[in-house]
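This report describes the salt bridges, a loop residue and a helix contact in one structure. The sequence and model are shown first.

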Amino acid sequence: MTNVILIFILIMSVIAFFVMGYDKSQARKHGHRISEKTLWTLAIVGGGIGAYIGMQLFRHKTKHTNFRVGFLMLLILYAFLIFYILTTDSSIIA
């Protein structure tokens with residue numbers, strides 16, 4: 001079960017990362033944007049790490065305090081969750 005959680009976080013983080021990049025690209029082209037609600041949803045349901053990395057790498061939403069602080073808090077939360085899973089479940093390491 002813990003492997004499923006880790007894979008889910010990984011997949012959601014990859015999706016959130018690419019969605020942040022896509023939204024930044026669309027912002028530059030004045031194209032169809034991804035809603036902030038969707039960005040938050042992706043980050044909250046497992047993509048916090050990818051959303052934060054994407055925000056920093058693409059320099060997207062970095063002027064919005066709620067994104068800077070919120071995505072950082074989600075990154076920390078998911079990093080602790082991953083650390084907890086990896087240190088308490090010895091079957092993953094073996």
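## The loop residue and its surroundings

With a relative accessible area of 37%, Ser 35 is partly exposed; buried means under 20%, exposed over 50% and partly exposed in between, with a 1.4 Å probe and protein chains only. This is a predicted model, in which local features need pLDDT of at least 70 and side-chain atom pairs count only at pLDDT 80 or more, while totals for chains, interfaces and linings use all residues. Residues are numbered from 1 along each chain as its sequence is written, and side-chain values use heavy atoms, with hydrogens and water left out.

Ser 35 belongs to the loop between α1 and α2; helices are DSSP runs (H or I, at least four residues), numbered from the N terminus. Its side chain makes a polar contact of 2.8 Å with the side chain of Thr 38. Such a contact is a pair of N or O atoms within 3.5 Å, where within protein one must be able to donate a hydrogen and the other to accept it, and residues adjacent in sequence count only if both atoms are side-chain atoms. The C-alpha atom of Ser 35 is separated by 8.8 Å from that of Asp 23, twelve residues apart along the chain.

## Salt bridges

The whole structure holds two salt bridges, defined as a side-chain nitrogen of Lys or Arg within 4 Å of a carboxyl oxygen of Asp or Glu.

| Side-chain pair | N to O distance |
|---|---|
| Arg 33 and Asp 23 | 2.9 Å |
| Glu 36 and Lys 61 | 3.0 Å |

Glu 36 lies in helix α2 and Lys 61 in the loop between α2 and α3, so this pair ties together parts 25 residues apart in sequence. Glu 36 is partly exposed at 35% relative accessible area, whereas Lys 61 is buried at 12%.

In the other pair, Arg 33 is partly exposed at 34% relative accessibility, and Asp 23 is buried at 0%. Asp 23 sits in helix α1 (residues 2–29). Leaving aside residues up to four places away in sequence, Asp 23 touches Arg 33, Ile 34, Leu 39, His 60 and Lys 61, contact meaning heavy atoms within 4.5 Å.

## Packing of α2 and α3

Helix α2 (residues 36–58) packs against helix α3 (residues 65–88) at an angle of about 70°, with axes 8 Å apart. The residues of this contact comprise 17 nonpolar, four polar and two charged.

Methods. Helix = DSSP H or I, 4+ residues; strand = E, 2+ residues; numbered from the N terminus. Axes fitted to C-alpha atoms, helices over the stretch in contact; angles between N-to-C directions. Nonpolar A, V, L, I, M, F, W, Y, C, P; charged D, E, K, R; others polar.
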